Amino acid sequence: MLGLPDGVRGCLFDMDGVLTRTATVHAAAWKSMFDEFLRRWAGRTGQPFVPFDAVADYDRYVDGKERLDGTRSFLRSRGISLPEGSPGDPQDAMTVHGLSNRKNALVQTVIDRDGVETFPGSVRYVLAARDAGLRRAVVSSSANTERVLSAAGLTGHFEARVDGVVAQRRHLAGKPAPDMYLAGAEALGLKPSEAAVFEDALAGVAAGRAGRFAFVVGVDRTGQADALRDHGADIVVSDLSELLDPRDEAAR
Ligand SMILES: O=P(O)(O)OC[C@H]1O[C@@H](O)[C@H](O)[C@@H](O)[C@@H]1O
């Protein structure tokens with residue numbers, strides 16, 4: 001049913017890049033923040049300025065991870081060590097929290113200004129899953145999940161949400177650890193062997209694999225199908241509508 005193996009009773013959807021067209025908003029905000037920082041860092045250290053690559057660096061170090069983990073992971077890739085700082089740090093502070101706060105301000109400005117677009121094929125899939133009696137949760141590293149789902153008009157489509165805010169409150173390890181997806185399955189009353197994971201990020205498919213979920217669907221929006229498979233996707237599609245029965249699509 002719906003392109004899923006028998007025995008699957010629920011779906012765990014990542015949000016940015018799977019349900020909503022917000023992965024590009026995040027990638028642009030990361031680039032803008034890191035390039036500002038890297039210019040300052042080059043001026044301070046005398047090393048050349050090498051910009052953040054919004055595709056390669058984003059996919060490898062940042063995508064799918066909680067905000068602070070993304071900041072730490074990219075800085076580590078450049079051999080840069082900054083103090084952690086604290087959550088209230090100003091946006092120009094040269095700390096992990098300061099850089100992360102700057103990136104979040106950029107994301108929120110764009111979301112509030114431009115709103116959020118969905119992927120129509122994903123919305124059709126979620127509705128088909130509901131009609132088929134499958135349970136549905138959103139499992140996103142983003143602390144802006146509630147805001148994004150609401151701006152996209154999707155809030156009512158899901159029975160549970162495990163996001164960056166919940167993960168912090170419950171001390172859940174971020175993706176690529178499986179903990180957030182395990183919490184999503186639990187919130188739906190399902191075992192991992194009864195749930196499918198839908199992910200566009202390498203860290204996310206790795207989390208699905210690590211949690212031994214029934215099925216991991218890799219959603220390839222950027223031409224990284226092989227990498228999604230290598231990190232744990234059982235199947236890769238470019239849009240969730242590919243998993244829908246064309247007859248159901250015609251009737252919808
Ligand atoms: O900064 P936020 O909204 O808490 O989101 C954290 C991360 O959430 C993930 O869903 C995105 O793939 C990342 O790009 C993003 O950085």
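A word on ground rules before we start. Because this is a predicted model, local features need pLDDT of at least 70 and side-chain atom pairs count only at pLDDT 80 or more, while totals for chains, interfaces and linings use all residues. Residues are numbered from 1 along each chain as its sequence is written, and side-chain values use heavy atoms, with hydrogens and water left out.

Domain 1 brings 22 residues to the contact and domain 2 brings 15 residues, where contact means heavy atoms within 4.5 Å.

How much area do domain 1 and domain 2 bury between them? About 1400 Å², with 44% of it on carbon and sulfur atoms. Buried area here is the accessible area (1.4 Å probe) that two parts lose on being put together, summed over both. On the domain 1 side, S141, N144 and R147 lose the most area to domain 2, together 31% of what that side buries.

One of those three residues deserves a second look. R147 forms a salt bridge with D112, with the closest N and O atoms 2.9 Å apart. The rule asks for a side-chain nitrogen of Lys or Arg within 4 Å of a carboxyl oxygen of Asp or Glu, and it finds 1 salt bridge across this interface. There are also 5 residue pairs in polar contact across the interface, both residues at pLDDT 80 or more. A polar contact is a pair of N or O atoms within 3.5 Å; within protein, one must be able to donate a hydrogen and the other to accept it, and residues adjacent in sequence count only if both atoms are side-chain atoms.

Which helices supply the domain 1 side? α6 (145-152), α7 (164-170) and α9 (202-210) each give at least two residues of the side that touches domain 2. Helices (H or I, at least four residues) and strands (E, at least two) are DSSP runs, numbered from the N terminus. By class, that side has 10 nonpolar, 7 polar and 5 charged residues. For the classes, Ala, Val, Leu, Ile, Met, Phe, Trp, Tyr, Cys and Pro count as nonpolar, Asp, Glu, Lys and Arg as charged, and the others, Gly among them, as polar.

Now to a loop I'd like you to zoom in on. T20 sits between β1 (10-13) and α1 (23-45), and T22 is placed in the loop between β1 and α1 as well. Is T20 buried or exposed? T20 counts as buried because its relative accessibility is 0%, and T22 is buried too, at 3%. Buried means under 20% relative accessible area, exposed over 50%, and partly exposed in between (1.4 Å probe, protein chains only).

The side chains of T20 and T22 are joined by a polar contact of 2.6 Å, and the T22 side chain makes another with the side chain of D16, at 2.6 Å. Leaving aside neighbours within four places in sequence, T20 touches residues including M15, V116, F119 and L154.

Just after α3, G79 takes a positive phi of about 70°.

Last topic: charge pairs. Side chains of opposite charge can pair when their charged atoms come close. The count for this model comes to 18 salt bridges.

E36 and R102 form one of them, at 3.0 Å from N to O. E36 is in helix α1 and R102 in helix α4, 66 residues apart. E36 is partly exposed at 33% relative accessibility, and R102 is partly exposed at 22%.

R72 and E84 meet at 2.8 Å, N to O. This pair links helix α3 to the loop between α3 and α4, across 12 residues. Finally, D14, K175 and E199 are linked in a network of salt bridges.
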